[in-house]
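Me: I would like to learn how to read the features of a protein model. Please take them one at a time.

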Amino acid sequence: MKTRVRQTVLVAAFCMSILVGLLSGLLYVLPLGFGVLFVAAALVLLPRKTMATLLCVVFAGLSIGVWRGSEVNSRYETYNELYKNEVVFEAKAVSDGTYFDNGQTEFDVEQIHLEEPFGTNLPGRVRVRGHGVASVVRGDTVHVEGKMYPATSSRVGSISFAKIEVLGRSGSVIEKLRRRFYAGMYNALPEPAAPFALGLLLGQRSELPDDTNDALRIAGLTHIVAVSGYNLTILVRFASRLRAKKSRYQSLVLSLVLIGLFLLFTGFSASIVRASIVSVLSLTAWYFGRRINAIVVLLVSAAATALWNPAYVWRDIGWYLSFLAFFGVLILAPLLLNKISKRKKPSIIVQLVVEAFSAQILVLPYSLYLFGVLPTYGLLANILVVPLVPFAMLLSLFAGITGMFMPWVAALIGWPAKQLLTYMLEISDIVSRFPKASYEVKISLWMLVISYVFICVLGLGLLRYRQQNRRITDIDAV
């Protein structure tokens, strides 16, 4: 029990215990007092950093996770009384309305005040599809009548063929600015470049034509137009590397501004919040000349977002896909870059290609388990497209801003973005038309586990190589 435990191990163990506890909260109930007790014990033992401290930290995380999970799950149980029944409620739209089948408008709502069959406030997010309004934008207050059904992902319920009425439009300055930016993008770029640019910048896929969505999916490029946090990560890294040689302070400020704009424009989705946490922690450590453990950063961001909304860890596929992609970018990619570039610093292009490849490797087994579609030429498409994503995002951002304030020259200013976006779309279209561009490959749960065990073994081997390489470097220096 006197063995010393590193602080990073304690933090990682606490976060992992929270995640396990949240999952257990679906089955068990535990008072918050237990978590407070173990947290107090861990704080008392923290200076010693012994195995006893580690045990207290683990039990504290488990207790907090079980308490939070059971508390939220008990509130979600109200939905069991509503499924397959007519409901009437007022709520706030948290996404822009898009056109769905049969002329329906589709959007998500939160902050739900149920009026019928009984009055109460409902937690979570519900998807609404229905008629009665020409458009719904994020932030609107809506009145909805329809039949509630269970839903997948982070949504708790779903309503189709609902009767919808807009009670009030959002007066938020941010929402007005966001809608104006959308209009500016269409002023600067034609179809389908404009919706593709919005997808790159903000993960807005709803306006993309169906054939473009299909081409991106078959080519294995859907991740670049999804609110996965990957967009934010590569943009922040690209911006910070551009300014790092001139001024660390300017690089930090520019990156923080980009993160803030991303959060405001995308509506604080879980993946973007997690990406923001990772980016802010990493940038802060870099600015002060400190190194930060990437695994700890990932676990802290995962635990924070899961505590905020346990539904993410319970059933949100996007949450897991985003987390796996981040693991590839922050853990596997640096190990591969060390193996490839030896002691040289890799170029931006090489770094982006390796990061895209690493993200794909981590996501692929889970995607095959869930969807059973293998993009045959996904790696080729990613190599040809992903290194250009930061340039396309920066050029599109400039074009959209120009379209907001100077629409008469927006088309001219947006010409470079148009050419680059057109190239990327044409690559995805060409690759998707290759013979046997995708296969149906469904893997079992055991194959999923074996795949990730193999990836972990590969990562450990690369880590061992890096450690040996560092020892050789130290010997040469002596």
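Me: Which residues form a nonpolar patch on the surface?

Reply: First, the ground rules. This is a predicted model, where local features need pLDDT of at least 70, side-chain atom pairs count only at pLDDT 80 or more, and totals for chains, interfaces and linings use all residues. Residues are numbered from 1 along each chain as its sequence is written, and side-chain values use heavy atoms, with hydrogens and water left out.

A patch takes residues with over 30% relative accessible area and no salt bridge; like charges are joined within 9 Å, and nonpolar side chains (Val, Leu, Ile, Met, Phe, Trp, Tyr) within 5 Å. Accessible areas come from the Shrake-Rupley method with a 1.4 Å probe, and for residues only the protein chains shown count as cover. Here the patch consists of Leu445, Trp446, Val449, Val453 and Val457. Together they have about 530 Å² of accessible area.

Me: What about the inside? Which residues have the most contacts inside the largest nonpolar core?

Reply: In soluble globular proteins, nonpolar side chains tend to be buried together. A nonpolar core is a set of buried Ala, Val, Leu, Ile, Met, Phe, Trp, Tyr and Cys residues joined through side-chain atoms within 4.5 Å. The largest one has 67 residues, and Tyr79, Phe89, Val109, Val128 and Met148 have the most contacts inside it. Helix α12 (residues 317-341) gives this core its largest share, 13 residues. Another core, of 37 residues, lies apart from it; among its members are Leu198, Leu420, Ile427 and Val431.

Me: Which residues is Tyr79 in contact with, leaving aside its neighbours within four places in sequence?

Reply: Contact means heavy atoms within 4.5 Å. Tyr79 is in contact with Ile112, Leu122, Pro123, Val126, Met148 and Val156.

Me: Next, charges. How many salt bridges does the structure hold?

Reply: Side chains of opposite charge can pair when their charged atoms come close. A salt bridge is a side-chain nitrogen of Lys or Arg within 4 Å of a carboxyl oxygen of Asp or Glu. The structure holds nine. In one of them, Asp108 pairs with Arg155, and the closest N and O atoms are 3.0 Å apart. Asp108 lies in strand β3 and Arg155 in strand β7 (residues 155-168), so this pair ties together parts 47 residues apart in sequence. Asp108 counts as buried, at 7% relative accessibility.

Me: Which residues are linked with Asp108 in a network of salt bridges?

Reply: The network links Asp108, Glu110, Arg125 and Arg155. Glu110 and Arg125 meet in a salt bridge of 3.0 Å, N to O. Glu110 is in strand β3 and Arg125 in strand β5 (residues 125-131), 15 residues apart. Glu110 is partly exposed, with a relative accessible area of 27%. Arg125 is also partly exposed, at 25%.

Me: What does Asp429 form a salt bridge with?

Reply: Its partner is Arg433, with the closest N and O atoms 3.1 Å apart. Asp429 is partly exposed at 30% relative accessibility, while Arg433 is exposed at 63%.

Me: What is phi of Lys84, and where is Lys84 found?

Reply: Phi of Lys84 is near 65°, a positive value in a residue other than glycine. Lys84 is in the loop between α3 (51-76) and β1 (86-93), and is exposed at 60% relative accessibility. Gln111 also has a positive phi, near 50°. Gln111 is found in strand β3.

Conventions: Helices (H or I, at least four residues) and strands (E, at least two) are DSSP runs, numbered from the N terminus. Buried means under 20% relative accessible area, exposed over 50%, partly exposed in between (1.4 Å probe, protein chains only).
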